[in-house]
Amino acid sequence: MSEIGLHMYLCLAALLFSSGLFVVLSKRNAVFVLIGIELMLNGANLVLASFSQIDLNGQIFAIFSVVLTVCEVAIALAILLNVYKKYATSDLDDLQEIGNG
Amino acid sequence: MSIELLILLVLFSPLIGGLIEAFVRKGSGLIPSVFIGLSFAISLILLFVTDSPEFIRWEWLNSFLIGIQLDKTATILLLLVSFISLLVHVFSMVYMKEDPGVNRYFLKLGFFTFSMFGLILSDHMLLLFVFWELVGLASYLLIGFWYRKEGVPSAARMAFMVNRVADIALFAGILLLSAQVDSIFLSELSGQWFLLPSLLIAIGAFGKSAQFPFSGWLTKAMAGPTPVSALIHAATMVAAGVYLLYRVSPFLHESVMTMIAIIGAVTALYGGISAMTQNDLKKALAYSTISQLGYMVLGIGVGSAGASMFHLWTHAFFKAGLFLAAGSIIHYFHQLSENGGQAIDSQDMRRMGGLKDKLPVTFWSFSICGLALAGIPFFSGFISKEGIILSSLVWAGQKGTLAYLIPDIALLTALLTSFYIGRMFFLIFLGEPRRTIKQSQIVYSEAAAIRIPLFLLAAGSLWVFYNWNPMAHVSWVNTYFDLGSVPEGNFFSAFITLVAIFLAAGGIVLAYFLFKPGARTLRTYTTDTRSVSILGRNVFNGFYLTQSYQGLGLATYIFSKKLAWADKKIIDGFIHFFAVGTVVLAKVVDLIDKLIVDGLVNLSARIASFFGRRFSGVHSREAQWQLIWLFIGFVLILTWILFF
């Protein structure tokens with residue numbers, strides 16, 4: 001089995017990042033935007049992991065990143081749940097008010 | 001009474017008489033005759049009391065004087081005009097008695113006489129021009145007196161229009177002259193005038209005096225009543241041109257004087273030739289007048305204006321006599337046709353004849369006046385015509401060989417003159433009455449108002465009143481015309497006088513052989529109704545002069561129509577094209593304005609707006625758009641860092 005080249009991993013990571021970015025920019029629903037953000041983070045994680053062929057420090061950084069992502073998703077979903085409770089919508093375009101209302 | 005008052009009385013009394021006749025007391029012409037008699041009497045007084053010229057001047061415009069004068073020439077002409085006019089008035093009392101417009105007639109006659117008096121008395125060229133026009137107007141009114149008759153209005157119009165053409169020349173001449181000389185008072189004329197004013201003034205005089213290119217109107221003027229013709233031909237209308245030429249002749253340009261002599265000779269010959277074949281009594285006399293006027297103008301052209309004015313004087317008597325005799329004949333025929341005879345063409349000489357016994361006074365006065373016209377010794381016409389012929393001979397002697405044509409033509413015309421007047425005489429008075437006269441057996445005698453004028457005019461055509469010597473060529477009348485003297489006679493002139501007498505007598509003898517009662521030519525002539533040859537037709541119609549005026553008028557009309565067409569089609573078309581072009585150009589400019597100028601402005605606005613819109617998205621309220629811009633900005637910065 002021949003070894004898969006570094007650039008293949010990087011291309012996949014770019015694909016993931018771009019897909020995430022597209023989802024973030026195009027979807028109205030806040031949940032989808034959160035999922036897009038997750039995709040972009042995973043793209044970045046993949047880049048960190050793929051560079052472990054050269055240097056192992058990347059793998060360690062990727063694990064830290066995954067942990068941080070978990071925390072972030074937990075908080076963001078909690079916020080979203082509260083927002084939905086308050087405004088009865090999760091559409092980003094409708095959420096334009098700023099303040100403690 | 002002062003002389004000024006007398007002058008004004010002479011001037012205005014014919015007009016006053018006519019006005020009274022027309023509006024106040026509608027009589028049969030007695031009052032106008034009395035008033036014109038008053039003019040005549042005062043003229044006679046003035047002739048004796050006037051030693052030096054009298055002037056009346058007044059301010060017409062601010063510091064612009066016009067005026068009238070009474071010098072020797074004016075007094076004698078006043079006398080002539082008032083005398084002829086008086087006789088015509090008296091004659092008209094009978095001639096026009098039955099005409100419904102008789103009051104109108106006398107008013108016009110008075111107006112005519114007034115205008116002629118004014119013309120003679122005028123001292124200023126402009127005032128003279130005013131009266132000149134008034135004379136033309138009065139003649140128009142009188143020629144068109146029977147305006148309901150066919151052909152009369154057009155005849156009057158032609159006389160008027162031909163005169164207008166010449167009058168324009170006269171007016172232009174006066175204006176040009178006033179630019180050249182200091183004063184255009186007739187009594188203060190001076191210097192040698194330039195060619196153009198001389199020529200124009202001479203043309204004006206030609207028009208009034210029916211000289212060659214303008215002769216046609218005079219024969220057309222025969223449409224008026226016959227006494228009016230007598231007045232026009234003897235003393236008023238046609239005399240005006242000769243009178244003007246007399247006044248200005250010392251100052252005219254030399255070549256114009258030569259031209260005047262040539263035109264006069266041509267006119268004399270033209271009138272004489274055309275008079276020979278006329279059937280109409282009055283037309284023959286009209287051509288005769290043209291011929292005699294040619295003599296007068298010729299005399300002025302050769303520098304002896306005094307002789308011409310003397311001929312004008314004697315001609316006034318015998319031509320007025322001839323015309324009044326013609327009027328008497330026409331009146332006689334009218335009486336015939338009213339008293340049971342059939343309607344007659346009362347002016348056709350071919351149907352006359354044998355009037356000697358019917359109209360004895362007319363016969364005798366016609367004979368005497370005719371002999372005077374023919375230039376037979378012992379009659380006035382001989383004396384005055386000799387003056388002109390001798391003057392032209394002396395003039396030709398100074399000028400050279402070719403100039404002898406002028407006296408030659410004058411002598412030839414003398415032959416023609418005696419021939420045509422002899423022919424008229426034999427046709428009208430001798431022989432047996434032809435056609436209609438036989439059928440009517442009424443008694444007719446000439447009225448006193450016809451007899452007396454005829455008698456006076458015939459008497460005035462005898463030699464004794466002018467010079468005791470019947471073979472002379474000057475008279476006391478000449479002393480009243482001091483411009484242009486008549487040369488003295490010598491052996492050569494005596495010879496020429498003999499030739500002239502021979503020619504005059506020869507003309508009458510020739511006429512006698514051709515037209516004596518029972519002559520063969522007379523028979524064929526009176527039965528044949530038309531001239532045969534082209535030449536004959538030409539002569540009979542006066543060389544188609546009036547027709548050529550009409551042709552000229554028609555040509556002008558057609559030309560103006562063509563011009564109008566061209567105006568409409570070409571000039572209007574061009575203007576139209578121009579207008580359309582302007583509109584199209586304006587539209588194009590408008591389009592350019594809208595598309596290019598406005599377009600540029602709009603384009604820059606649109607560009608600004610486009611970029612503005614694009615960048616306004618940066619500050620969009622939508623979070624995702626902000627993210628997109630953020631991303632684009634990030635990519636741009638990244639690109640900048642990586643590749644530049």
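This is a predicted model: local features need pLDDT of at least 70, side-chain atom pairs count only at pLDDT 80 or more; totals for chains, interfaces and linings use all residues.
Where is F378(B) found? Select it and you land in the loop between α14 (360–374) and α15 (380–399) of chain B; helices here are DSSP runs of H or I, at least four residues, numbered from the N terminus, while strands are E runs of at least two. F378(B) has a positive phi of about 75° although it is not a glycine. With 14 C-beta neighbours inside 10 Å, F378(B) counts as partly exposed. On that scale a residue is buried with 20 or more other C-beta atoms within 10 Å of its own, exposed with 12 or fewer, and partly exposed in between, with C-beta atoms placed from the backbone.

Residues are numbered from 1 along each chain as its sequence is written, and chains are lettered from A and ligands numbered from 1 in the order in which they are written.

Stay in chain B and pick helix α3, residues 72–95. Of its 24 residues, 23 are buried.

Now show chain A by itself. You'll see three helices and zero strands. The radius of gyration is 17 Å, well over the 13 Å that the globule rule gives for 101 residues, so chain A is more spread out than a compact globule. That radius is taken over C-alpha atoms, and the rule is 2.2 Å times the number of residues to the power 0.38. The C-alpha trace spans about 55 × 25 × 20 Å along its principal axes, and 11% of the 101 residues count as buried.

Next, click A88(A), in the segment after α3 (57–87) of chain A. Although A88(A) is not a glycine, its phi is positive, about 60°. A88(A) counts as exposed, with 8 C-beta neighbours inside 10 Å.

Last stop: where the chains meet. Six residues of chain A are in contact with seven residues of chain B, contact being C-beta atoms, placed from the backbone, within 7 Å. Select L21(A), V24(A) and L25(A) in α1(A): they meet Q624(B), L627(B), I628(B) and F631(B) in α23(B).

Key: Two residues are in contact if their C-beta atoms, placed from the backbone, lie within 7 Å. The expected span of a helix is 1.5 Å times one less than its number of residues.
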